[in-house]
Amino acid sequence: MGRVDRALANHAVKIAGTRCRTCNGVFAGHADNCPSCGSSDVVTVDVINEIVELLVLSGAEMQFAEGLAELEQIGGVAALLRY
Ligand SMILES: [Zn+2]
């Protein structure tokens with residue numbers, strides 16, 4: 001996983017996701033087991049909220065963009081990953 005430096009999210013979009021409490025990974029969609037580490041200790045979350053929290057924790061810049069067509073086309077969230 002890379003670090004997220006900047007992310008754009010459409011504030012109105014809700015994306016169902018899963019967060020793993022073992023490795024803290026966040027994944028789009030529902031899963032009973034963590035796709036990353038296989039743990040069953042996962043919770044259903046709103047991916048946008050999770051990303052915001054992660055960005056705040058990591059000190060990354062977060063910008064909300066309301067109603068950007070480009071974001072709608074790619075599912076409402078975009079992140080620039082730095083490896
Ligand atoms: Zn995990």
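Is Val45 buried or exposed? Val45 is buried, at a relative accessible area of 13%. Buried means under 20% relative accessible area, exposed over 50%, and partly exposed in between, with a 1.4 Å probe and protein chains only.

1. **Basis.** This is a predicted model, in which local features need pLDDT of at least 70, side-chain atom pairs count only at pLDDT 80 or more, and totals for chains, interfaces and linings use all residues. Residues are numbered from 1 along each chain as its sequence is written, and side-chain values use heavy atoms, with hydrogens and water left out.

2. **Overall make-up.** The chain holds two helices and six strands. Helices (H or I, at least four residues) and strands (E, at least two) are DSSP runs, numbered from the N terminus. Read from the N terminus, the order of elements is β-β-β-β-α-β-α-β. Of the 83 residues, 31% count as buried. The chain exposes about 5,400 Å², with carbon and sulfur atoms supplying 53% of it. These areas come from the Shrake-Rupley method with a 1.4 Å probe; for residues, only the protein chains shown count as cover.

3. **Contacts along the chain.** Take the contacts between residues at least 6 apart in sequence: 61% of them join residues at least 24 apart. Contact here means heavy atoms within 4.5 Å.

4. **The zinc site.** Four cysteines supply the protein donors of the zinc ion: Cys20 (SG), Cys23 (SG), Cys34 (SG) and Cys37 (SG), lying 2.3 Å from it. Donors are N, O and S atoms within 2.8 Å of the metal (3.2 Å for Na, K and Ca); water is not among the atoms, so sites may look incomplete. The donor residues follow the spacing C-x2-C-x10-C-x2-C.

5. **Zinc geometry.** The site is tetrahedral, with angles of 105 to 119° among the four donor atoms. Four donors count as tetrahedral if all angles lie between 85 and 135 degrees. The ideal angle for four tetrahedral donors is 109.5 degrees. Cys20 is buried, with a relative accessible area of 0%. Cys23 is partly exposed, at 33%.

6. **The sheet.** Three strands form an open sheet in the order E3-E2-E4, with antiparallel pairing. Its edge strands are E3 (26–28) and E4 (42–46), each pairing on one side only. Neighbouring strands are turned by 35° against each other on average, direction ignored. Axes are lines fitted to C-alpha atoms, for helices over the stretch in contact, and angles run from 0 to 180 degrees between N-to-C directions. Helix H1 (residues 47–58) packs on the sheet and touches E2, E3 and E4; its direction makes about 95° with that of E4.

7. **Strand pairing.** Two strands pair if DSSP finds at least two bridges between them. Strand E2 (residues 16–20) and E4 pair in the antiparallel sense over five bridges. Ala16 has Asp46 in E4 as its bridge partner. The zinc donor Cys20 stands opposite Val42 in E4. E2 and E3 also pair in the antiparallel sense, over three bridges. Thr18 stands opposite Phe27 in E3.

8. **The E2–E3 hairpin.** Five residues lie between the strands of this hairpin. Asn24 is found in that loop. Its phi is near 65°, a positive value in a residue other than glycine. Asn24 is partly exposed, with a relative accessible area of 47%.

9. **Val45 and Asp46.** What does Val45 touch, not counting residues up to four places away in sequence? Its contacts are Ile15, Ala16, Gly17, Thr18, Arg19 and Glu50. Val45 lies in strand E4. Val45 and Ile15 are 30 residues apart in sequence and 8.4 Å apart in space, C-alpha to C-alpha. Asp46 is found in strand E4 as well. At 17% relative accessibility, Asp46 counts as buried. Asp46 touches Lys14 and Ile15, again leaving out residues up to four places away in sequence.

Methods: Tetrahedral: all angles 85-135°; square planar, octahedral: opposite > 155°, others 65-115°.
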